[in-house]
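Hi,

Here is the structure I promised to pass on. Have a look at it first, and then read on for my notes on what turned up.

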Amino acid sequence: MPRSVARLTSITLATLFAFASTSTITACDNKAIDAGGDSTITQVSRALNTEGRGVVADRYTAELWVVGNVAYTTTWGSRTVDGVRSVGNAIKIWNVAGATPALVDSVIVSDATTLGDIQATDDEKLLVVATEFAPGSIVVYDIANPLKPQLVSRFSSANTAPGVHTATAAVVNGKLYAFLCVDPGVDQPAKLVIVDFSNASAPVEVFSQAMGNPFVHDVFVRDGILMVALWNDGMSIFDIGGGGAGGTISNPKQLGNVKTVGGKVHNVWWFRDNANGTKRFAFVGEEGPGSIGSTSVGDIHVVDVSDLTNPHEVSFYNVPAAGTHNFSVDEDRGVLFAAYYNGGVRAINVRGDIGRCDATVKSDDGRCDLKKMGREVGHALTDTGIAVFIWGVFSIGTKLYASDMLNGLWRIETVQ
Amino acid sequence: MFSGLGDRPSASGYRRPIFLLLIFQAVPAGAVAQSSIGAQVMGIVTRASPAIANRNLTEGYLTQPMLMGSVSTADGHFALEGMLDLEGLTLERGELDAGISGEGYVDRRHPHTYLHELVATATGAFAATRYSAALGKGFVPFGTDDPMVRPFEKYPINHHISQIVERLLATVAVRNGPFLIEGALFNGDEPESPSDLPNSNRLWDSWSARTTLLPTSYLEMQGSVARVKSPELAAGGGLDQRKVSISARAESAASMDSRDAHYYVLAEWARSSDYDGRDRAFSFNAALAEGELSRGRVALAGRFERTERPEEERLANPFRTKRPATDFNILGRTLWNITSARASVRTFQRGTMTFTPFVEVEASHVTARATGSVFNPRAFYGSNTLWSTTVGVSFAVGMIHRRAGQYGAASRESGEMSMAGM
């Protein structure tokens with residue numbers, strides 16, 4: 001998703017590190033996690049420096065978003081500490097100006113047990129939070145003062161009743177919308193609901209359709225194209241105004257679908273390489289069955305979407321004994337940061353043709369193995385001395401923030 | 001044993017459930033040679049200590065309110081068995097039962113569906129071989145008897161590992177001498193509410209097979225396997241289950257003299273594994289041994305169970321979990337060691353009507369199975385040891401099903417039903 005502040009900062013840093021990037025293609029001594037100008041040369045994964053951790057002990061931490069020097073983390077499920085059971089109804093607000101995130105405030109969302117997703121709008125004026133379980137909703141805050149979110153509205157409908165798993169705010173043809181992935185309920189399938197947010201104080205539902213088998217977990221919106229994570233039904237691509245197929249927000253037209261290996265499509269990021277403007281690849285996160293806090297499974301799948309009507313998987317990335325969750329891509333540096341639950345955080349060079357490789361680094365089914373290609377350029381939170389379970393990451397400038405279900409919020413430096 | 005109308009007081013004095021009336025009307029009167037009807041209910045008070053967060057809870061229920069009946073033709077070739085379970089009316093919040101989980105309830109037993117069983121069976125014989133086919137909603141031929149027809153009021157927590165119930169099924173059974181083989185196709189989806197019916201798009205997507213050896217009239221041993229498609233996601237697409245069960249069961253022959261001693265023992269082991277395609281994701285084991293000895297009006301029973309269960313994300317109500325779930329993750333596994341004891345005294349009997357007060361005590365010890373799990377039993381419950389005491393009275397009248405899910409050729413020649421009080 002576009003992030004103006006992140007992009008400006010990254011562009012500046014990319015310029016600063018241009019020399020390093022082009023002169024350290026072999027990258028053993030690369031000081032920046034940066035794809036550089038070439039994409040086919042093996043790089044070495046180096047440990048990224050963990051700067052600090054803001055502790056959350058009363059609840060399990062979930063998704064995060066960062067606006068300038070303020071970070072927001074949500075909470076999940078229920079946690080019992082010293083006999084006190086707290087559910088995931090809190091938004092934690094952090095000052096992340098220093099190396100160690102400092103908790104400054106929190107907001108309690110009523111009638112919620114999990115806040116699975118949080119996102120600021122592109123203009124950084126609004127904060128959108130998804131609530132689970134029944135009654136599912138999205139809650140919108142004004143963040144003119146980022147440290148003091150003010151409630152603007154709360155939207156729910158019969159279609160969102162089972163619970164809103166994720167909410168993605170995006171501008172399509174000049175209007176702000178929220179894309180809600182709704183949990184399946186008893187006798188009702190999972191749904192995608194689109195809400196017109198032009199007037200944030202009075203959101204209007206403009207689209208609803210059952211989709212996902214059995215879940216729809218996340219979407220990615222860019223340039224009038226909607227990509228939807230449909231679990232066993234793979235990832236579908238819709239024209240919602242930018243695909244030239246006549247699709248609109250209220251009447252999306254499906255352009256293509258891909259069923260990635262293993263299914264369980266959980267999240268999507270359509271990568272725009274700001275170095276050349278190409279949008280050839282989408283990254284698909286697979287979330288397999290795991291045990292929260294200890295085990296996880298699932299790969300990152302790279303889908304060639306150069307033809308939106310014929311998306312196809314070309315490569316993958318695997319971490320043994322760990323599974324991926326949410327992504328954040330630094331599109332200026334060409335680096336995909338992936339939360340990897342018990343596997344910490346991984347940084348992957350995604351610049352260039354990552355769908356082409358030698359036979360020696362292909363899997364049996366013909367896909368390129370990014371790990372064998374030396375595409376992993378960094379890792380973090382793999383040897384903290386304590387168990388971690390990383391839900392999400394957020395890249396801004398040279399900093400990477402990681403939300404840890406067990407421990408809180410980490411700040412990581414990606415340049416040494 | 002199947003008992004004809006002549007074996008018990010006329011059923012005309014009992015209020016028959018509507019569905020049984022319909023059944024009787026559907027079968028030509030002259031063709032019906034045997035029929036039975038019965039009812040049972042228990043009034044109980046359970047104290048759980050601690051139940052959750054170091055708090056004790058004391059609650060009362062009307063549990064296992066059942067109406068049951070059967071009809072069969074004169075030649076015994078066709079039979080119809082049914083059970084109505086009214087727990088949906090009396091147990092909506094669930095019954096305190098530390099360690100149990102399933103169908104959106106945790107540490108409370110869920111109410112079963114109103115239509116617990118309605119199965120039509122056709123039975124034939126060729127020489128010494130009996131064979132049958134059954135169709136309807138009922139008990140899948142897998143594992144051991146439903147806990148409802150066993151001594152303890154509190155269900156063991158292996159219920160969803162060791163039995164598969166309330167499915168629309170088609171079964172075949174073949175028995176020759178001591179050998180019995182059963183197979184079934186059924187819908188994999190678990191019920192989602194007491195009024196839920198099997199999903200039409202899930203019919204016959206799962207199967208089971210059970211082999212039973214019956215070397216004597218009092219001993220039986222079974223081994224069974226099942227493949228259950230997406231039981232926890234009724235719409236389909238969830239993790240599949242592969243189940244296996246072995247058990248040995250012995251019970252003394254039913255006696256018409258209630259002063260005779262009677263014993264029952266069961267030992268079972270079962271495993272239920274969740275599969276993502278061909279990859280095993282989780283596996284849960286259960287072992288259980290129980291027995292009851294009765295003489296005259298007094299019965300004493302004991303049970304030990306060692307069962308693993310998945311921990312799932314709980315809702316604001318800590319006794320409920322999200323159904324359907326939102327992904328395939330669990331919060332870890334816990335291991336439960338549960339020791340139970342029961343004493344009961346049949347204090348009143350008139351005809352087939354009985355009142356049997358009882359007391360049950362359980363001690364459950366729970367530990368996390370894997371390090372790093374976000375579910376910490378001690379933090380959640382306030383202790384690793386949970387006590388439960390239940391006092392109650394069981395009321396029964398008419399013919400009570402003592403064995404569940406043994407249709408046609410699979411039915412035991414004795415002990416399948418008993419008159420209340422016998």
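Let me start with a pair of strands in chain A. Strand E11 (residues 137-142) of chain A and E12(A) run antiparallel and are joined by five bridges. To find the pairing on screen, go to Val139(A): its bridge partner in E12(A) is Arg154(A). Both strands belong to an open sheet of four strands, ordered E9-E10-E11-E12 in chain A, with antiparallel pairing. Its edge strands, which each pair on one side only, are strand E9 (114-120) and strand E12 (150-155) of chain A. From one strand to the next, the twist averages 20 degrees.

Before going further, please keep in mind that this is a predicted model. Chain A has an average pLDDT of 91, and 90% of its residues score at least 70. The part to be careful with is residues 1-31 of chain A, where pLDDT stays under 50. The model does have 45 contacts beyond four places in sequence for that stretch. Still, where pLDDT is low, the predicted coordinates should not be read in detail.

There is another sheet in chain A to look at. This one is open too and has five strands, in the order E21-E22-E23-E24-E28, but its pairing is mixed. At the edges you'll find strand E21 (265-270) and strand E28 (368-369) of chain A, each pairing on one side only. Where does a parallel pair come in? Strand E24 (residues 312-317) of chain A pairs with E28(A) in the parallel sense, over two bridges. In that pair, Phe316(A) has Asp369(A) of E28(A) as its bridge partner.

Now the overall make-up of each chain. Chain A contains two helices and 32 strands, and of its 416 residues, 60% count as buried. If you take the contacts in chain A between residues at least 6 apart in sequence, 53% of them join residues at least 24 apart. Chain B contains four helices and 20 strands, and 51% of its 422 residues count as buried. For chain B, 63% of the contacts between residues at least 6 apart in sequence join residues at least 24 apart.

How do the chains meet? On one side there are 37 residues of chain B, in contact with 29 residues of chain A. The elements of chain B that give two or more residues to its side are strand E13 (261-276), strand E14 (279-295) and helix H4 (377-381). By class, the side of chain B that touches chain A is made up of 17 nonpolar, 12 polar and eight charged residues.

One residue in helix H4 of chain B is worth a stop: Phe380(B). Is Phe380(B) buried or exposed? Phe380(B) is buried, because 24 other C-beta atoms lie within 10 Å and the cut-off for buried is 20 or more.

Notes
Residues numbered from 1 in each chain as written. Chains lettered and ligands numbered in written order. Predicted model: local features only at pLDDT ≥ 70, side-chain atom pairs only at ≥ 80, totals over all residues. Contact = placed C-beta atoms within 7 Å. Nonpolar A, V, L, I, M, F, W, Y, C, P; charged D, E, K, R; others polar. Pairing = 2+ DSSP bridges. Buried ≥ 20, exposed ≤ 12 C-beta atoms within 10 Å, placed from the backbone. Axes fitted to C-alpha atoms, helices over the stretch in contact; angles between N-to-C directions. pLDDT = per-residue confidence, 0-100.
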